[in-house]
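These are my notebook entries from a first walk through this model. Come along and check each entry against the picture.

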Amino acid sequence: MKRLLMLLLCCVPLCTYGQEFEKKVYTATRTDTPPVINGELDDDAWLQGNWEGDFWQYEPTEGAQASQKTEFKLLYDNSNIYIAIKAWDTAADSIVSRMTRRDDTDGDEVMIAFDSYFDQRTAFGFSVSAAGVKGDLMWTDDGMNEDETFDPIWYVRTGIYDWGWAAEMRIPLTQLRFSGEENQVWGLEVMRNIYRHNESDLWQPIARNASGVVHNIGLLKGLSNIRPRTLFDITPYGVARMETYEAEEGNPYRDGFDPGGNIGLDAKIGVSNNMILSLSLNPDFGQVEADPSEVNLTAFETYFREKRPFFIEGKNITSYNLGIGDGDEGNDNLFYSRRIGRRPSMDYSPGDDEFAWTPSFTPIIGAAKLTGKSAGGLSVGAIEAVTSHVNTKVYNSVTGETSYVTAEPLTNFAIGRIQQDISEGNTIIGGMVTSTIRQLDGSTEDYYHKSATTAGIDFTQYFGDMNYIFQIRTVVSNVTGTEEAIARTQRSVIHNFRRPDAEYTEYDPGRTSLSGFGGNLMTGKLGGNWQFLYLSAWKSPGLELNDIGYMQVADQYLGVGVINYNIYKPFGIFNSMYFGTNLIHLNDFGGNLNVAGISQSWSAHYKNLWRSFLSAQVNTPETDNLLLRGGPSMKMPGQLYIGGGINSNSRKKLSAELDFSLHRTFEEVMTRYYLSLEFEYRPVNTLTVSLEPEWTRTMNNMQYVTVRSVTSGVYTPRYIFASIDQKILSLSLRVDYNITPDLTIQYWGQPFLGSGRYFNFKHITDPLADRLTDRYHTFAPGEIIYSDPSYLVDENLDSWTDYEFDNPDFTVSEFLHNLVVRWEFLPGSTAYLVWSQTREYYTGDGLFDFSSQAENLFTGTKPHNVFLLKLSYRFGLR
């Protein structure tokens, strides 16, 4: 199903104005004898109603007659909708039936989609592969966005026969959202994918150059005297946990073995047919899969994807993207759910006779979420969560006493989001508010904001059958706290209020609150083979989102002019081709142009189902406000980026993808190479093995190290830089063994080897000098001496150390892997068996040596193992 939907989503908004097809109408039949769902279609119930066919190709030849016949029938009663689909095939032995995970269907498949709101913007999709693997998702914004976290409770079986294959579905009305009208009219679409032909067929034809999806699908009539039914599911769970690791002598918190367990309750309650209240008491929000390893030498926080089901379900409603581009991953956003239940943020360094222990994550006492969309087009999303006070336990081995130090305060998180569709979705008005409130004491009040509030209003207007758009989002923020807490925020590299050459900001250490504003804009032509858009995003110096949102840096205005051209008509060896040009400028709030650039991109899809892409960007010389991390602006040379890749036919048993990039800063400042090669192998239809080695090499002559002050009595900052030779090698292995659609075994492992060797240390002297070499001074041999583990600097050669800093060299070796056995023994009821292991080995020599690092990883350290057994059982009370 993902392939079918991505095909629609990729093609729809970028083509010429859509051809209008007459809307088809299907009339459902009420039944008093519901069919048994077994994939055989042999019940007497299927003698009722009419079979509907007449499918047309969407791909590869738009508007052509489908190569194989497809028919469907739809029945209903007061509780369910029943669907039968006959996928006729004149070469039934060529049907591709691949066992995969839910929502990752592969091979031949069919799908039915309902616009049960009949708002012509939202649709619920239910698909199944010939192997019987489910896929489900929700379209929003007329099909421009998709939510794959939509996981309703529904039932399906398939069967392969000599005439083709069949799918039989039962979808409870509790899983759909619709009005209480006596006679219903819904939107309806039925799709089929014939894998071996790369063919996608639609019941209701939709032109590839259409401006949207949902408003173009057909009509479902005949539904009468059905009433919206509310959901009431309760799912208690229990977890047994055991951890093993290397014991530390004398440390009572690390004896090598930690058993444990937990119980809790999740519930989904239908406040109405359209609104779902999700509750979690003592929730288990642990992640099944670990975050990938990384080496981050920047001043900015890495964005990690959310993987906890409670937060990813319905995330399209609770998102408020403030970045540029599609999607929310890595973009500035008012809500970043990884803040809730994060690792405690206050570190404690134990003394010589002390041992300390801090929990890995902040426990969530409880959480509630309300999401839904009314029949009148009002979307609502609200989340309330409370995380507990977390202490670091400190044991003194001399006195035998145990003390407690706060690691994370008790915190309340709340968000609210609404959007109202007007004029059949051509106008959308919405808003969002967030609130973070902490219970602080004397030990924490200078480190955290007491409260943080953000609020935003957004407006979208489509014109010309949704071929043109004007969209704007705005936001204001306010944080409060002690003078020291707010001063910390002002001094942070995100806000940089103490930058000495920024006359438009004022650092005030006496403040007890800080406010700011921001937003983004998109306007221009969406439809057509040509796209012309202007995108922008702005963040004032005082904007602060990071208590519950995500923002890397403030004090920016980023603007991008977009020109795209798409060719969707096959020609030569190509199925389609894309060209794109971006004109980019970045300013600060002082009106200064920091950098400008131009980028070009090209991609092509071939008739043999291969794909390739290339991109390049050139930037002008830059005035970087962030490089000195709180210091003045610094001039840097221009940059060049080149990237590309090629993908082979992923439908083959063995497929591959090659990606590469080259990033250079002129005047021999920095060169970075990246190479990735991914292989995917399917020896049988139930097993998929993928292997992805990645290599990165960075040679940077202007790598930030630290800031120090000359010991002269007056604060005289020295911004220390160096050359670095950084190497990173990783290898990701993923194995998916799908025994049945409901029983899967998944393995993911990643050895990660990295190193960074620093040399040619220097300090910044005149960051705005015309010549690069005049902007810094490289330490001569007599000015800097290495005395393990620090570098000692004597600038004036008077034999007295002016300042010192730690050796920044590093060598890191990690191996993360986990094995997950998942069994959905009843719809909504699951059992998990998880084994997760971490191996880590660190040195400070800065040398990259594959053999010695791999040996140290497996012989120089003992693994940290986590074993989990989780059982949840769903009680459907309605």
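**Entry 1: a three-stranded sheet.** I started with an open sheet of three strands, ordered β18-β21-β22 and paired antiparallel. For the labels, helices (H or I, at least four residues) and strands (E, at least two) are DSSP runs, numbered from the N terminus. Two strands pair if DSSP finds at least two bridges between them. At the edges I found β18 (354-357) and β22 (402-408), each of which pairs on one side only. Neighbouring strands of this sheet are turned by 25° against each other on average, direction ignored. For that angle, axes are lines fitted to C-alpha atoms, for helices over the stretch in contact, and angles run from 0 to 180 degrees between N-to-C directions. I then looked at β21 (residues 390-396), which makes six bridges to β22 in the antiparallel sense. Across this pairing, Tyr395 stands opposite Thr402 in β22.

**Entry 2: ground rules.** I noted that this is a predicted model, where local features need pLDDT of at least 70 and side-chain atom pairs count only at pLDDT 80 or more, while totals for chains, interfaces and linings use all residues. Residues are numbered from 1 along each chain as its sequence is written, and side-chain values use heavy atoms, with hydrogens and water left out.

**Entry 3: the whole chain.** How many helices and strands does the chain have? I read five helices and 48 strands. The radius of gyration is 29 Å, close to the 29 Å that the globule rule gives for 878 residues, so the chain is as compact as a globular protein of that length. The radius is taken over C-alpha atoms, and the rule is 2.2 Å times the number of residues to the power 0.38. Along its principal axes the C-alpha trace spans about 100 × 65 × 55 Å. Of the 878 residues, 51% are buried, where buried means under 20% relative accessible area, exposed over 50%, and partly exposed in between (1.4 Å probe, protein chains only). Among contacts (heavy atoms within 4.5 Å) with a separation of 6 or more, 64% join residues 24 or more positions apart.

**Entry 4: strand β14.** Next I turned to β14 (residues 218-224), which is mostly covered, with five of its seven residues buried. Strand β1 (residues 25-27) runs parallel to β14 and is joined to it by three bridges; here Tyr26 has Leu220 as its bridge partner. Strand β12 (residues 183-194) pairs with β14 in the antiparallel sense over five bridges, and Leu188 meets Gly218 there.

**Entry 5: a five-stranded sheet.** I followed another open sheet, in the order β2-β4-β5-β11-β10, with mixed pairing. Its edge strands are β2 (29-30) and β10 (155-161). β10 and β11 (residues 164-172) are antiparallel, with seven bridges, and Tyr155 stands opposite Arg170 in β11.

**Entry 6: helix α4.** Which residues of α4 (residues 483-491) are buried? I listed Ala485, Ile486, Ala487, Thr489 and Gln490. Their cover includes β26 (468-480) and β27 (513-525).

**Entry 7: Lys870.** I found Lys870 in strand β47 (residues 864-872). Is Lys870 buried or exposed? Its relative accessible area is 19%, so Lys870 is buried. Lys870 lies 607 residues from Ile263 in sequence, yet their C-alpha atoms are 9.5 Å apart.

**Entry 8: aromatic rings.** Rings of Phe, Tyr and Trp (its six-membered ring) pair if their centres lie within 6.5 Å; planes under 30 degrees apart count as stacked, over 60 as edge-to-face and the rest as tilted. By this rule I have 30 aromatic pairs. Why is the pair of Trp538 and Tyr557 stacked? The ring centres are 6.3 Å apart and the planes are at 15°, so the pair is stacked. Trp538 lies in β28 (residues 530-539) and Tyr557 in β29 (residues 556-567), so the pair ties together parts that are 19 residues apart in sequence. Trp538 is buried at 17%, whereas Tyr557 is partly exposed at 25%. Phe825 and Tyr873 are also stacked, at 6.2 Å centre to centre and 25° between the planes. Last, I marked one aromatic cluster, whose members include Phe114, Tyr117, Trp154 and Trp186.
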